Amino acid sequence: MSLPVARRTALAAQGFADPRPRGAPTRRHLQRVLSRVRLIQLDSVNVAVRAHYAPLFARLGAYEPALIDDAAWSDTARKPRMLVEYWAHEASLVPVDDWPLLQSGAKRQGWWRHYGALAEQSPSLVDDVLAVVKELGPVGAGAIEKEVAGASRRAPGAWWERSEVKRICEWLFGMGQLTTGTRRGFERLYDLTERVLPAEVLARRVDADEGARRLVANSATALGVATETDLRDYYRLGPQVCRQAVEELVEEGTLEPVRVATWKQRAYRHRDASTPRAVSGRALLCPFDPLIWERARTERLFGFRYRIEIYVPEPQRVHGYYVFPFLLDGELVARVDLKSDRAAGVLRAQGAFAEPGADHGRVAEDLAAELGHMASWLGLDGVAVGERGDLAPALREAAG
């Protein structure tokens, strides 16, 4: 398989070969995106837009944020919950039907596993937290702390530190006993999982081997063509678990081993992956978009070296604090450092940088149009282009 073919296969798998809706996107469009990407990463950074809103904008264009809010954090007879929070790639929204796969034992426990010792040492604290959530949920960690502390004062010798309450909340979340009932702003409000997910989903039992196969198959669906390490990274599976699942999926014909030109590792193509003759259109990709979150894969596919520089001291940053790569007709052609300036009512492109060989004029025109579309979606009045980057002059002119 040539690299351009692999690239188009990957883009199609992620939904970038699908046309954007002509009208307002609906739950049907959301479901189509989810059937491709399989999960949406959450992140607390809110410089331009929250991370979980951005991948839908990249694929669907302007949509009502309530579309994803309702799918993730509300449940009605007319609009049942489609998504639930759990540790998948990182903190993520995943389809409700995938919950049993993530609870199967296929996936390694995350950082919260270290709080298991506290749970074993303090079973009454676990009981107290669960009792508070049962009575008050959905409820935030701060309110849980106050209630548990109040109970502790009435029970001599059972005082719990607030940090311990938070740890138990995270441990129970990781164990699947608590999940997010809803959110207030971006604050997670815990609830009992049994009150959030349908009984038939909770009752579904999947063993670890089947869970691993299905998670790797999901990864392959989302990636189109991928190395074993790419497949492993999508849900952060263990090496041996993923390798065994890949072998079994190859044997049953779900995955086809392939060689991609310039890739050192063997790759695997999902049998249902499509390869369009061309990919057109444009999209701004947030740092946590599943197309690009695995930086080594991004470099292999697009020749685009990308690093998030949030934690880099400002004088040492190359491109900026929160940089969106720009996808144009199947290539990553530029990157732009974005910030929503609510006070001024503008989307600030604080830096704009073209990739080597890119046509500055053409890229600037398309990037300016997409930035204007994003600004309108965010309720901002326009785009303001800063001074940094070789693309900034052309972008400033194109943005008017």
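In which sense do β7 and strand β8 pair, and over how many bridges? In this predicted model, β7 and strand β8, the latter formed by residues 267–270, run in the antiparallel sense and are joined over four bridges. Within this pairing, Pro257 has Tyr268 of β8 as its bridge partner.

When the neighbours within four places in sequence are left aside, Arg232 is in contact with Leu237, Gly238, Pro239, Cys242 and Arg243.

A further residue, Glu331, has its place in strand β11, which covers residues 331–341. Is Glu331 buried, partly exposed or exposed? With a relative accessibility of 33%, Glu331 counts as partly exposed, since that class lies between the limits of 20% and 50%. Apart from neighbours within four places in sequence, Glu331 is in contact with Arg7 and Phe326. Glu331 and Gly224 are separated by 107 residues in sequence, while the distance between them in space is 17 Å from C-alpha to C-alpha.

Two hairpins can be described in turn. The hairpin of β2 and β3 is joined through three residues, and five bridges link β2 to strand β3, which consists of residues 91–95, with the two strands running antiparallel. Among the paired positions, Glu85 has Leu93 of β3 as its bridge partner. Five of the five residues of β2 are buried, and β2 is therefore largely enclosed by the rest of the structure. Leu83, Glu85 and Trp87 point one way from this strand, whereas Val84 and Tyr86 point the other way, and all are buried.

The hairpin of β4 and β5 has two residues between its strands, and Gly185 in the turn has a positive phi of about 65°. Strand β5, residues 187–192, pairs with β4 in the antiparallel sense over six bridges, and Leu178 stands opposite Leu192 in β5. Strand β4, at residues 178–184, is largely enclosed by the rest of the structure, because five of its seven residues are buried.

Attention turns finally to open space in the model. Rolling a probe the size of a water molecule over the atoms shows where empty space is left. The largest pocket has a volume of about 320 Å³. It is lined by 17 residues, of which Lys107, Arg108, Gln109, Gly110 and Trp112 are the closest to its centre. Strand β2, residues 83–87, and helix α9, residues 162–175, each supply at least two residues of this lining. In terms of residue class, the lining of the largest pocket divides into seven nonpolar, six polar and four charged residues.

Terms used: Residues numbered from 1 in each chain as written. Predicted model: local features only at pLDDT ≥ 70, side-chain atom pairs only at ≥ 80, totals over all residues. Heavy atoms only, no water. Pairing = 2+ DSSP bridges. 1 Å grid on protein atoms, 1.4 Å probe; cavity = no way out; pocket = protein on both sides within 12 Å on 5 of 7 lines; lining within 4 Å. Points joined across faces, edges and corners; volume = space filled by probe spheres on them. Nonpolar A, V, L, I, M, F, W, Y, C, P; charged D, E, K, R; others polar. Buried < 20%, exposed > 50% of the residue type's maximum accessible area, 1.4 Å probe, protein only. Contact = heavy atoms within 4.5 Å.
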